[in-house]
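Please look through the sequence and the model below before reading on.

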Amino acid sequence: MAAISSINANQAGAFAAAISTLSADDTITFDGSKKQLLVLTNTTGGSLTCTIDGDGGTTVAVPGLGAVSVAAGLAIAVPAGESRAVVLSTVRHYCQGVVHLLGAATLKAQLFNL
């Protein structure tokens, strides 16, 4: 398990943007005070699914729906040769506590602080 470092994207011009290769379980640090963009890229020949799962998430009260479970995490399927991106604040209920990126060994990841 590795901690995926965030990339400061609040810079002028071109900047270095390291790419991390995920294992079966890696972690990221969610910072609710920043706009963070997680980019997942699949360079393999088959679809991979990455689950964003904060270990502090159980249920969340949603107006009009009541209690909704976030305990299983948010699964993001990334087809072969494609990328998917998510602004973490839009899925913040899945990012409570220590945030794990699970089940997507060999997937490439970048976490940008915008």
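Strand S4 (residues 36–41) pairs with strand S11 (residues 108–113) in the antiparallel sense over six bridges, where strands are DSSP runs (E, at least two residues), numbered from the N terminus, and two strands pair if DSSP finds at least two bridges between them. This is a predicted model, in which local features need pLDDT of at least 70 and side-chain atom pairs count only at pLDDT 80 or more, while totals for chains, interfaces and linings use all residues. Residues are numbered from 1 along each chain as its sequence is written, and side-chain values use heavy atoms, with hydrogens and water left out.

S4 is also joined to strand S9 (residues 83–87) by five bridges, and these two run antiparallel. Valine 39 has glutamine 110 as its bridge partner in S11, and alanine 85 as its bridge partner in S9.

Leaving aside neighbours within four places in sequence, histidine 100 is in contact (heavy atoms within 4.5 Å) with residues including Asp25, Thr51 and Asp53.

Glycine 56, finally, lies in the loop between strand S5 (48–54) and strand S6 (59–62), and glycine 56 is partly exposed, with a relative accessible area of 37%. Again leaving aside neighbours within four places in sequence, glycine 56 is in contact with Gln96 and Gly97.

Terms used
Helices (H or I, at least four residues) and strands (E, at least two) are DSSP runs, numbered from the N terminus. Buried means under 20% relative accessible area, exposed over 50%, partly exposed in between (1.4 Å probe, protein chains only).
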